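Below are my notes from going through it.

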Amino acid sequence: MSVGQAVPMIDAVERVTGRIRFSQDASLPGMLHAAAMRSVVPHGRIVRIDTAAALEVPGVVAVVTGEDLRRLPGLRPVYGPQIEDQPVIALDRVRYVGDIVALVAAETPRAAQEAAALVAVEYEELPAVFDPLEALEPGAPLLHELEPERPHEGTALYFGIRPQFGTNCCNLFRMRRGDVARGFAEADLVLEETFRTPAIQHVAMEPHAALALWEDGRLTVWSGTQTPFNTRQILAGIFGLPVEHVRVIVPPMGGSYGCKVFPRVEPQAALLAYLTGRPVKLVLRRDEEFVTLTRHATVVTIRLGLTRDGRITAKEVRAYWNTGAYADCGPDVARKGGFGIVGPYRIPHVAVDSRCVYTNLPPAGAFRGYAVTQAAWASESMMDIAADALGLDPLEFRLRNLLRDSETFATGETLHDVHFAECLERAAAAIGWEGPPRRELGDGRVRAKGLAVVMKGMTTPSRSEAKVGIDRSGRVTVYSSTVELGQGARTVLAQLAAEALGVPYQEVRVVDPDTARTPFDNRTTSSRSTYMMGNAVRQAALALRERLLRIAAERLEVEPADLELADGNVRVAGAPASALGFGVLVEVSGQEELVELGESRNQGGLDPDTGQGIASSHWHQGAGAVEVEVDTRTGKVTILHAHASVYAGKVINRHTAELQNLGNIVFGVGSALFEELVYDQGQPVNPNLSDYLVPSFLDLPERMTHDLLERPGAEVHGLGETALPVIPAAVGNAVARAIGARVTELPLTPERVLRAIRARGGERG
Amino acid sequence: MEQSITIELNGERRAITVRTDATLLEVLRDGCGLLSVRETCGIGICGACTVLVDGVPVSSCLLLAPLADGCRITTVEGLSRGDELHPVQRAFIEQMAFQCSYCTPGMVLSAVALLAEHPEPSPEEIAEYLAGNLCRCGSYPRILAAVSDAARSLRQGGA
C-alpha cells in the first residue's frame with residue numbers, strides 16, 4: 001500500500017503539464033472583471049469621491065463606493081472573522097494605504113484597472129499611528145471605536161477575546177501560572193531583553209482570486225481560500241442570507257501560507273456581482289497582495305529568572321502584535337503567540353500579557369508558523385542569552401529545562417508523546433554541535449553554530465467531517481473540505497481511503513471542497529488536516545468497508561469475517577473466483593452510490609484571562625540547527641548548513657512530508673536573512689518582487705538536511721509549519737555566537753549585523 | 001490600436017490580432033486560453049510566466065505581443081507529445097519537484113532551455129540558470145535533482 005511511502009501526487013501529471021486549474025483560472029460566460037481603487041493616505045476621512053471619469057471608460061459596468069454600500073438595504077457592510085471591523089468598501093474613513101475606496105466592474109481586466117485608476121478621491125487626513133507601543137499610548141489616534149457589545153456573538157468567533165475598550169488593543173490575552181514575583185525572588189539571575197520582527201508577506205505565487213455568481217438570490221463563489229466554511233458564514237452575514245444560500249467552491253491554490261485564511265476578495269467580488277447581476281471575478285495585482293495581508297510585526301520583551309545551575313524559575317512576557325488597520329485573526333495570533341512564547345520548557349512561574357494592536361498599516365493575519373516564528377525569535381534568542389550569562393552550553397541549558405513526557409506545560413495541560421529533547425539532540429548532532437562553537441577563518445570570516453526548538457499547537461477545539469463513497473462503476477470518491485494548496489491534501493486523503501478499501505490510491509477521486517457538497521471542516525490551517533481530516537476520511541472509509549463486507553456476506557451467504565478486500569473486489573478469503581466488484585455490490589444495494597461519513601473532533605480551549613486549559617490536543621514539535629559564516633567586514637551572513645528535526649509520529653506520504661520540511665527551511669531562510677516590508681509613514685516602500693526579496697535558488701543554504709521522527713503506533717503529527725520557526729531563531733543564535741553580539745531584530749541584514757559588530761567594538765574599545 | 005501578428009504557437013501557425021500594448025502573457029492566457037502561463041510579479045522577476053521564444057526563455061509579462069511577430073513560441077502545453085511527457089516533466093514527477101506547482105510550467109521550460117544549451121550542467125549551473133524562476137513553496141532541492149536526472153535521461157537519448 002502507498003501509506004508511508006514516497007508516492008507522487010495523484011494530480012502530478014496535471015501539474016507538470018500546466019493543466020491544473022487554480023481559482024484565478026475560473027471563468028463563466030458573461031463574466032465581468034473587477035478592480036479596486038485604494039487609499040493613498042494612511043488615515044483619513046473621505047470628503048468626496050468623483051466616479052464620473054471612471055464611468056466613462058468604455059466597458060465599465062459599475063463603479064461602487066462606500067456611499068452606495070451604505071444605501072443598500074439589508075446589507076451588513078462590515079465583516080471580520082473575530083471582530084467585525086473591516087468594511088467591504090471604506091464607508092467614510094480609510095485606515096491604511098491600500099484600504100479599498102471604490103470597486104469597479106468592467107468587461108475586461110484592463111478597462112476595470114483603467115477605470116479604478118480614474119476614481120478621484122479627496123481625503124481629509126487624520127493623524128496616523130504605525131508603532132504598536134505608540135498606538136497604546138494615551139491620546140493615540142484610535143482606529144476603531146470598539147464597543148462592549150462587540151464582537152458580535154454568532155459570527156465566526158470561537159474563543160473569548162478581550163478587546164480593551166477605548167484603546168487600540170483589540171485583544172489582550174493573559175497567561176498566569178504560579179507567581180512570577182516569587183519566581184524572580186528565587187532566581188540567582190534575572191535577565192531582560194526586547195526583540196522585534198518586521199511585517200513580511202506571504203507572496204503566494206497565485207494571487208487572491210475569487211469569482212462570484214448570483215442565481216435566484218443565492219450566491220456561489222469560487223475562491224482560493226483555506227476557510228470555505230468561515231467564508232460561507234461571513235458572506236451570508238454580509239448579504240443577510242441563510243448559510244445554505246451561499247456556496248463556496250475551492251479550486252486548488254497556487255500557494256497560500258496563510259494569506260488565504262478568511263475572506264479577502266470574496267465579499268468584494270460578491271458585492272459587484274450582486275449589483276451588476278453578472279458573474280464577477282476579482283484577481284489582485286501583486287502590489288495589492290502586499291497591502292492585503294501580512295505577518296504581524298512584533299515587539300516582545302522577555303524577563304527570565306534563572307538559578308546558577310541553569311533552571312528557569314520565572315518568565316514574564318509583554319508581547320505586542322501589530323495587526324494593522326483591521327483585526328482579521330490577529331486576536332487569535334496574539335493568543336497563540338502568547339502561549340507559544342513560553343516555549344517547551346518547565347517554568348513554574350509564568351506571566352504573559354500578549355496584546356493585539358491596531359495601527360494604520362495593512363492588516364496582518366495568519367502566516368505559516370502562526371505566531372510561533374515571532375515567538376521563537378524572542379524566546380529562543382533569550383534562551384541563548386541566558387545560557388551565555390550562566391556560562392552553559394546552549395544545548396545543555398535547553399536539555400535541562402525541556403519538557404519531558406507527562407510533564408505539565410504552562411497552560412496546566414499534561415503533555416504526552418513528547419519529543420522536544422530528541423528533536424533538539426538530533427538537530428544538534430546533524431550539524432556537528434560537538435565541534436568548536438566558533439571558528440575564525442583568518443580573513444574576517446567567522447563560522448558558528450546555533451540551535452532552536454519550538455512547540456506549536458493545532459487548532460483546538462475543532463472538527464472535521466468527511467464522506468467516502470463508492471459508485472456503481474466501483475469508483476471510490478473522497479468528499480472532504482480540506483483544500484489543496486500544494487501540501488498534497490488530495491493525495492494524502494486518497495492514500496488513506498485507498499488503504500482502508502484496498503484499492504490503488506491513484507484510482508481514488510478527491511472532489512474539490514464545495515460547501516454544498518463536501519461536509520463540514522473547521523478549516524485547512526494549523527497543520528491539522530492530515531491528522532484531523534485524515535482520521536475522518538479513514539473512519540468513513542472503514543465504515544464503507546464494513547458496509548461492503550456486509551452486503552457481500554449476504555450475497556455470498558458467508559460471515560463478513562470470512563471475506564477480504566482486494567483490487568476493488570470483495571471475495572471469500574482465498575477464493576478469488578468468489579470476487580464481487582465494488583460496483584456490483586453498490587448495484588446490489590440498490591443505491592447509486594454507497595456513502596459513509598467519518599468525523600474527527602478535538603476538545604479543549606484556554607481561559608483568555610489566565611491562559612489555563614487545553615491549548616492544543618496535541619503538539620507539533622521541532623528543532624533546528626544551523627551553521628553560518630559571517631563576513632565581519634561586510635556583515636553578510638551565509639548559511640552553510642541548515643537542519644530541521646521534526647516529530648512526524650507517522651508519515652503518510654514521504655514525498656509531501658519531506659517537501660514540507662524543505663519548504664519550511666527555505667521559508668525560514670527568507671525570514672531570517674532578508675524578508676521585510678518597509679513602510680515610510682504608512683506608505684509601502686517595497687510592495688513588489690524587485691524590492692521585496694523571497695528566496696531563490698541562489699539563497700539556499702549550502703547544505704539542507706532534515707529528519708522526520710516516527711514512532712511505531714504514533715498518531716500523525718502535522719508538518720506544515722513546524723520546521724519554519726526554528727530557522728530564524730537558530731540563525732540568530734549562530735550569528736550571535738559568531739560575532740559576540742546579539743542582533744535582536746529580524747531580518748539579519750548585513751547592515752544590522754555590521755551595526756551589532758561595531759557597537760560591540762565600541763563597548764570593548 | 002490593434003495589429004495582426006503571426007506566431008508559431010506550440011508547433012501550430014497562428015495569425016492573431018492583438019492590441020499593440022498587449023503583453024505576450026495576456027495574449028497567451030486570455031486570447032489563446034493557455035492557462036499554464038501564469039502571472040505572479042508582472043515585472044519579469046519571478047519566471048512564472050516563462051515561455052520559450054525561438055527556444056529562449058522569456059518572461060511573457062514583459063514582452064509586448066507585437067514583438068513576438070514571426071517567432072516560434074513554446075508553452076508547457078506544447079512540450080508533451082500527446083500523453084507522452086517530456087523527460088523534464090517526467091523527472092519533475094519522479095523527484096516530486098513541486099508542491100503547489102504554480103511555478104512548475106515556467107520552471108520546466110527554463111530547464112528545457114538550459115539542457116538544450118548545456119546538456120551536462122553542474123548543480124551550480126542549474127541553480128544559476130534557474131535563479132530567475134521563483135518557487136515560494138521552496139521545492140528547490142527537488143527541482144535541482146529533477147533537472148540533473150532529466151539531463152542524464154536526455155543524454156541517454158530521451159528514454
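**Entry 1: confidence.** I started with chain B, where the mean pLDDT is 96 and 99% of the residues reach 70 or more. This is a predicted model, so I wrote down its overall scores too: ipTM is 0.98 and pTM is 0.97. Chain A has a mean pLDDT of 96, with 98% of its residues at 70 or more.

Where in chain A does pLDDT stay under 50? I found that stretch at residues 152-158, and the model gives it 16 contacts beyond four places in sequence. Where pLDDT is low, the predicted coordinates should not be read in detail. I left those contacts alone.

**Entry 2: chain B as a whole.** I counted five helices and five strands in chain B. Going along the sequence, I read the order as β-β-α-β-β-β-α-α-α-α.

Next I checked the overall dimensions. The C-alpha trace of chain B spans about 45 × 30 × 25 Å along its principal axes. The radius of gyration of chain B is 15 Å, which agrees with a compact globule, because one of 159 residues would come out near 15 Å.

How much of chain B is buried? I got 57% of its 159 residues. I also looked at the contacts in chain B with a separation of 6 or more: 57% of them are between residues 24 or more positions apart.

Then the surface. Chain B exposes about 6,300 Å², and carbon and sulfur atoms supply 48% of that.

**Entry 3: Val357(A).** Is it buried or exposed? Val357(A) has a relative accessible area of 0%, so it counts as buried.

I then listed what touches Val357(A), skipping neighbours within four places in sequence. Its contacts include Pro132(A), Ala135(A) and Leu136(A), as well as Asn168(A). The run Tyr320(A), Trp321(A), Asn322(A), Thr323(A) and Gly324(A) is also in contact with Val357(A). I took one C-alpha distance as well: Gln164(A) is 193 residues from Val357(A) along the chain, and their C-alpha atoms are separated by 9.8 Å.

**Entry 4: cis peptide bonds.** I looked up two cis bonds in chain A. Thr460(A) and Pro461(A) are joined by one, with omega about -5 degrees. Pro461(A) lies in the loop between β19 (445-457) and β20 (462-471). The other runs from Leu746(A) to Pro747(A), with omega near -10 degrees. For Pro747(A), the loop is the one between α18 (726-739) and α19 (750-764).

**Entry 5: positive phi.** Which residue other than glycine has phi near 50 degrees? That was Val203(A), in the loop between β10 (189-197) and β11 (209-215) of chain A. Val203(A) counts as buried because its relative accessibility is 3%, and the cut-off for buried is under 20%.

Ala371(A) is not a glycine either, and its phi is positive at about 80 degrees. I placed Ala371(A) in the loop between β17 and α11 (372-390). Its relative accessibility is 4%, so Ala371(A) counts as buried.

Conventions:
Residues are numbered from 1 along each chain as its sequence is written. Chains are lettered from A and ligands numbered from 1 in the order in which they are written. This is a predicted model: local features need pLDDT of at least 70, side-chain atom pairs count only at pLDDT 80 or more; totals for chains, interfaces and linings use all residues. Side-chain values use heavy atoms; hydrogens and water are left out. pLDDT is the predictor's confidence in each residue, from 0 to 100. Contact means heavy atoms within 4.5 Å. Helices (H or I, at least four residues) and strands (E, at least two) are DSSP runs, numbered from the N terminus. The radius of gyration is taken over C-alpha atoms; the globule rule is 2.2 Å times the number of residues to the power 0.38. Buried means under 20% relative accessible area, exposed over 50%, partly exposed in between (1.4 Å probe, protein chains only). Accessible areas come from the Shrake-Rupley method with a 1.4 Å probe; for residues, only the protein chains shown count as cover.
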